[in-house]
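User: I am new to this one and would like a walk through it. Can you show it to me before I start asking?

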Amino acid sequence: MEGRMLMLVVLGSLISQAWTSSQTRQKHSELHTMHPWRKHLSGRVKRDWIIPPIRVLENSKQIPEDLVQIKSDKIFTGEVIYKLEGPGVDQEPKNFFEIDDQTGIIRCKRPLDREKHRSFTLKAFALSPSGERLENPTTIEIMVLDQNDNRPAFTKKQFEGSVPEFSIPGTSVMSVVANDADDPMTENAMLSYSILAQESIPANAVTKTMFGINNETGAIYTRDVGLDREVVKSFKLKLQVADMGGMGLTSEGVAVIHVSDINNHAPQFSPVKYNMLAVENRQDVEVGRVNVTDRDDRGTGNWEVKYSIYNDPHRSFSISTDPATNQGILTVVKALDFEAQHEHTLILTVENFNPLSNKAPNLPVSSATVMVTVVNENEAPNFKEDPIQIVVPESVAPGTLLKTNIAYDPDNSELRYEISRDPEQWLDIDAVTGDIRVKRTFNMRSPHVKNSMYTAAVKVTDAGGVSTTATLAITLKETNDFAPELYPQSGTVCKDARKKHSGLILTATDQDLAPHTAPFIFELLEDMSHNWTVIEINGTHARLQPLVDLETGEYAVTVLVSDSGSPVLSSIAQVNVTVCICDSFGDCKSEAGAIFGSTVGINFIALLIIMACIAFLLLLLLLAVAITSCGRRHHIKKKAGLLVGDSEDDIRDNVLNYDEQGGGEEDENAFNIDMLWNPHDAPSTPGSYCPVPRGKQPLRKDAPHNLPSPIYPRRPPADPTDIEDYINDGLEAADNDPNVPPYDTALIYDFEGEGSLAGSLSSIASGSSDGDQDYDYLNDWGPRFQKLANLYDPR
């Protein structure tokens, strides 16, 4: 930059802004040269030249047009190339400006439009032929000057406003607005408003000028008096707007001004007297209508009216407004009575919903007189009360008078009465007088009695056939009709009840309802009070308890029970009490049952007894086994019967009773003691054997268990030949023993091996005589049976 300057030549007339709107643009014959980059000294500080904007008039006809020439002092040292960049050149909008790269002249290529582009900011460059930048770029500002090339225009095709009638002059009505696209800072956009013409609706209703307009702001206002909505409804104004302060381009518009209504007319009745008819005993029915007039705007609050009624002390009438016609609708809201009053004179007034304007005439409020004549008709009879309330005891006697004088007829005609609904047929009514009486006795337990109330219906009809029905609500009062009944009348009491403060719980039932039931009072007769007492538990239960220790047995105790009714009713009942011994659970048992068990299960004492019995039986079993295995040998006498020894103890004493093995084919073997046996395992004493049962035997289900077993025959008969009877007796006892396993129950024994030389004991025919049997086979049974063989040797 130092020492390097660029000369800028600008048209003299463009810099001085010498154009006017009445002059044409003159061609400039020369360009002035300036150096925009050249510095000048002011003291020690170097400052740039301030380059003023280049001003170009829009819509120029001289195209292309030279605007400015730039030069650099590099021209004295070498060739310089000039370039121009920015909006209007190589950026949007393009192709408006160009520069001669050799001379540095900037030209405008196309006409400019200020309304689209108000200015352009460009960058100018000085380059060497090789493209090296010789100077820093400088900014060139081009401003587009405005011309009055746009007409002003109203923002709406038609403006609408309103003004109240009878407005004073100077009242603001509305404002109109127009726009101009020219430069607002120049006279080209300086607008001026005016009214060209005025037209009234209806036409020619008003001829004088009623409105004015502010030429600068466009505000329309009233200029004169006489705006009456009943005369003129609206005005149509023809407007004009011009730029250049009213001297330039113009446009036209329309404004419609409506004259709005004020409440300057009070409503008036037309006519002011009315005669109407109203049928008696009817309500919420229309009687008639009244008419009013109002000159204000229809459908507005200035036209709508509201009515008032005077001289109606019983408030039997009301009046409303029909919104479509403004008529007053007179209605009966409380039934009229011809017999009480034949005519009603009403005074009606009317006024608007909106208050009257101070410009309205000062007139009194309009009023009208309405004469309402009541029309007589045959009225239905009336009950004096509905429902008819009756309160009576349930035990009231038939024929009792319940109610009289229950209805009347407004027309004083003869009435006929009847019971229209009586599901239990308990009531009767006199057809002429209407007296209601009891026909049959009431019953509180009837399904038609709900919450102590019985409901029926009565119908009354006048001479004209008009009838009315009313409800009979009969409240039945409970009476004490039933004596209480004692329950239970039998039971058991433990022998020690006195000590444990227990006894038989007594209660009572009563068919009556409260308050004639509980609390009950339980008492004993005097002859029973020595040994027994009754202790109250609550209002419904008591405990019968002995006073002394009584023996077990049956006792009859007479108890008196009373209710709380009025009068008090009582009953006497005999309670059969069984005094017995009780178990630990308080259950009454027999003496044996109390000791050995209970119906619920085996108690602790019974369990101890059973365990002791089992131990005792096991001890007996072990003792029998020891005697059988270790007893001395028995010598069987010859010719004295089978298996009869010479010992004092018969061998039959050693037969042990075992459980059955069940029914079927194996029963015979069981009863014949057909057991598996191994001679090698036999006891040392010849002629004895030891069958050993194994496993837990199941209990019989065909007979109760844990009962005492029958007595088995333990001593043999005196005659050895009676051994069969002895065995049969034992079998019969075993069959009737409930503690042995049932039939078809397998008994498990130890396996004693196979291949025994001895046969089954069942082959021994105990019923045969010595002469009929062959005992030689005993010699083949081994040394253990040699003794037996010697006893039966035929030699």
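User: Which residue has a positive phi in the turn between S37 and S38?

Analyst: Glycine 465, with a phi of about 90°. S37 and S38 form a hairpin there, with five residues between them. This is a predicted model, in which local features need pLDDT of at least 70 and side-chain atom pairs count only at pLDDT 80 or more, while totals for chains, interfaces and linings use all residues. Residues are numbered from 1 along each chain as its sequence is written, and side-chain values use heavy atoms, with hydrogens and water left out.

User: What counts as a strand, and as a pair of strands?

Analyst: Strands (E, at least two residues) and helices (H or I, at least four) are DSSP runs, numbered from the N terminus. Two strands pair if DSSP finds at least two bridges between them.

User: How many bridges join S37 to S38?

Analyst: Nine, and the two strands run antiparallel. Valine 460 has threonine 468 in S38 as its bridge partner.

User: Which other strands pair with S37?

Analyst: Strand S33 (residues 416-421) pairs with S37 (residues 453-461) over five bridges in the antiparallel sense. Glutamate 418 stands opposite lysine 459 of S37. Strand S36 (residues 449-450) also pairs with S37, antiparallel, over two bridges; valine 449 has tyrosine 454 as its partner there.

User: What is in the hairpin of S36 and S37?

Analyst: There are two residues between the strands, and asparagine 451 takes a positive phi near 55°.

User: Changing topic. What is the strand order in the open sheet of four strands?

Analyst: The order is S21-S28-S27-S24, and the pairing is mixed. Strands S21 (273-279) and S24 (305-310) each have a single partner strand, so one side of each has no neighbour in the sheet.

User: Is the pairing of S21 and S28 parallel or antiparallel?

Analyst: Parallel, over seven bridges. Lysine 273 has threonine 369 in S28 as its bridge partner. S27 and S28 pair in the antiparallel sense, also over seven bridges, and there glutamate 343 is partnered by threonine 373. S24 is joined to S27 (residues 343-352) by six bridges, again antiparallel; serine 308 has threonine 349 as its partner.

User: Where do the side chains along S28 point?

Analyst: They alternate. Ala368, Val370, Val372 and Val374 point to one face and are buried, meaning under 20% relative accessible area, with exposed over 50% and partly exposed in between (1.4 Å probe, protein chains only).

User: Are aspartate 146 and arginine 114 buried or exposed?

Analyst: Both aspartate 146 and arginine 114 are buried.

User: Which residue forms a salt bridge with glutamate 377?

Analyst: Arginine 282, with the closest N and O atoms 3.5 Å apart. Glutamate 377 lies in the loop between S28 (367-375) and S29 (382-383) and arginine 282 in the loop between S21 and S22 (285-290), so this pair ties together parts that are 95 residues apart in sequence. Glutamate 377 counts as partly exposed at 24% relative accessibility, and so does arginine 282 at 42%.

User: Last topic. Where is glutamine 69?

Analyst: Glutamine 69 is in strand S5 (residues 65-72). Its relative accessible area is 13%, so it is buried. A polar atom of its side chain lies 3.0 Å from the backbone oxygen of threonine 103.

Note on methods: Polar contact = N/O pair within 3.5 Å; in protein donor to acceptor, adjacent residues only side chain to side chain. Salt bridge = Lys/Arg side-chain N within 4 Å of Asp/Glu carboxyl O.
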